[in-house]
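Here are a few notes to read alongside the model. Keep the 3D view open and click along as you go.

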Amino acid sequence: MISPDPADLTPVSGAATDVAPLGRAGDKPSHERTGVDEMGLADWDAIAATREFKELLRSKARFIVPATIFFVLYYFALPVLVGYAPELMARKVWGNLNIAYVFALSQFFMAWALAIIYVGVAMGWDRRAEAILARFGKKSGQ
Amino acid sequence: MTPALGMFLAFVAFTLVITYFSARKTSGASSYFAAGRRITGWQNGLAVAGDYMSAASFLGISGMIAFSGYDGFMYSVGWLVAYLTVLLIVAEPLRNAGKYTMADVLAYRLSPRPVRAMASLSTLTVSTFYMVAQMVGAGTLVKLLMPGISYEVAVCGVGVLMIVYVVFGGMLATTWVQIIKAILLMSGSIFLSVLVMRQFDYSFTKFFDALGHVTFHTKTGELVTRDFLQPGLKYGAQIGNGYGPLDLISLGLALVFGTAGLPHVLVRFYTVPDAKTARASVVWAMVIIGLFYIMTTFLGFGAATILNPDNIIDALGKSNPNASAPLLAQKLGGEVFFAFISAVAFATILAVVAGLTISASTSFAHDFFTNVIHHGKEQKPGEEVRVARITAFVVGAISIAIAIVLGSGVNVAFLVALAFAVAASANLPVIVLSIFWKRFNTVGACAGLGTGLVSSIVLILISPSVMGIDPETLTTGRHFIQMAPIFPLENPGILSIPLGFLGAIIGTLMTREPSAEARFTELTVRANTGLGAEGASEH
């Protein structure tokens, strides 16, 4: 539990989390266990403090942040250009086919390509996460 | 009996058999709400696609492309790119840290009762508005294609069927209805696209050349020739109030950030065994959804060139963009194919409303009833599932009633815009901030959900979708408020999404909640490793 900085005068709101278990006589099946039941499931702080976990987070951020910025910019370039540079977008590239249609179509391939690259990269993260959990004698989904 | 009715009844009979077998296999909450988490990646991908490609996509986009050319295609692009947000940011952490609803993830760190109550309210709002739009669409479709059946009968029929699927079959039946619908929709669209290209001797050059000069009558009766590949026929800066380009950007924001906050899409990720499968299912869904939206080019442009917008007229003799795809099927494939495409359109609506109903009833039963009212304890075993079944029935009945009261003449496009805007402005900010921001707290979550919800509803109410001055002669599709619109855009996203984030951030900064900060580490470890995530049930 973090105690707030004594110099910080903002009031503390919200109780300590009170997720209660779903009621049932006897042991609950795994799918009905809530946060509080599983508080002691693992030493969360110890896992979070490992070098491997920190590196995993950094590696995810290094991919996800630029990838998100890229697809957001690439996508919004379409409505912006179509709306504010219609002459450019109307330029023909092949027969009657114009830049606007080719650019719109390219969005589909951009989305598929990014998704496939993501899946490839994420498989590496899965292996690293498994390795971290194995050190603590745990498995994903446990 | 018309062939269309026959095919539709065959689909219904088939799905009822599935519901019967699902009901026999369903016992317990995990099985009812999440199909036992045993759906495989490609199955869930198809189901996500079936859940997502609504009648608005199939009939609406084809019609928009047939009448407005390129600008209609812009919708297709946004609807696919949206899945990158789902894939990169939301799907895996949500699957790893949640159980049945998006509120589960918020409740990990935050004070659960207020957060669940607000999240449940926003889920019910999104689902109900989206569902009413689908039901009105269903009723209108019947009038369009089978003049013999009344609007009310069609709405009740769709409503009763969806209640049966959800109340008896739960998530398993819903999933299979969605999978079958996705397969039917894809095969129908592929066949129709091939028939279109046959008209152009399978030559893209001929196809695109024909699009260069489509001659038709505008609404004012003027005969014009337009290049349908040229942007700006609907959202050009010279059209209407001149806000078209900005509206298109605002729509894009709601689509790209709203899909990742749609409750009926998010619940699908709880039906798979783990985050890895959730990821695979998003990719499957993206392939199917992308192929489908590319095919809207053939359906829409095909209708524009082969039929011509002048000839797209419904059973009542009115010009109606929604009739484009079925009429194209009739022209190219004859009566039987027309019947097939019409039945596919019904199946589409059924699958989507079933998905919406189960996400609404899950949220009410799990978040509101069990966790808010009963402090997280079921008072009798199996109570949560029983409440969900009753909720599904009530939600279905309410939607039938609203759809009948609104009537078929009403323009329901704003309901879908509203659903996406609320999802993008209320749900997405709090999901993202609770996963990535340590300082985030209960006050911030409630403020964000509240601001996003209220601002999108208010902005829609004062937008041209609801406000407008119609000529006296117009009898159907009139605006609700006969006044000049205050907010110029039909899509509020460009303003309401920043407001949602702002509400969440300001609310957070006003207070401190040490317990929420303390449990951030746990959430991060869970979200990134899958430790403690709930796996598939044994049976």
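1. Let's start with helix H16 of chain B, which is mostly covered: 15 of its 20 residues are buried. Do bear in mind that this is a predicted model.

2. Stay with H16(B) for a quick check on its length. The helix runs over residues 442–461, and at 1.5 Å a residue its 20 residues should span 28 Å. The C-alpha atoms at its ends are 28 Å apart, so the two figures agree.

3. Next, look at how two other helices of chain B pack: H4 (residues 55–68) and H12 (residues 275–307). Their axes are 7 Å apart, and the angle is about 45°. Is that parallel or oblique? Angles under 35 degrees count as roughly parallel and 65 to 115 as roughly perpendicular, so H4(B) and H12(B) are oblique to each other. The crossing of H4(B) past H12(B) is right-handed.

4. Which residues meet there? On the H4(B) side you'll find B:Ile61, B:Ser62, B:Met64, B:Ile65 and B:Ala66. Facing them from H12(B) are B:Thr296, B:Leu299, B:Gly300, B:Phe301, B:Ala303 and B:Ala304. Sorted by class, this contact has eight nonpolar residues, three polar ones and no charged ones.

5. Now hop over to chain A and find A:Ala85, in the loop between helix H2 (51–84) and helix H3 (86–89). A:Ala85 has 13 C-beta neighbours inside 10 Å, so it counts as partly exposed; a residue needs 20 or more to be buried, and 12 or fewer to be exposed.

Note on methods. Residues are numbered from 1 along each chain as its sequence is written. Chains are lettered from A and ligands numbered from 1 in the order in which they are written. This is a predicted model: local features need pLDDT of at least 70, side-chain atom pairs count only at pLDDT 80 or more; totals for chains, interfaces and linings use all residues. Helices (H or I, at least four residues) and strands (E, at least two) are DSSP runs, numbered from the N terminus. The expected span of a helix is 1.5 Å times one less than its number of residues. Axes are lines fitted to C-alpha atoms, for helices over the stretch in contact, and angles run from 0 to 180 degrees between N-to-C directions. Angles under 35 degrees count as roughly parallel, over 145 as roughly antiparallel, 65 to 115 as roughly perpendicular and the rest as oblique. A crossing is left-handed if the near helix is turned anticlockwise from the far one by less than a right angle, and right-handed if clockwise. Two residues are in contact if their C-beta atoms, placed from the backbone, lie within 7 Å. Ala, Val, Leu, Ile, Met, Phe, Trp, Tyr, Cys and Pro count as nonpolar, Asp, Glu, Lys and Arg as charged, and the others, Gly among them, as polar.
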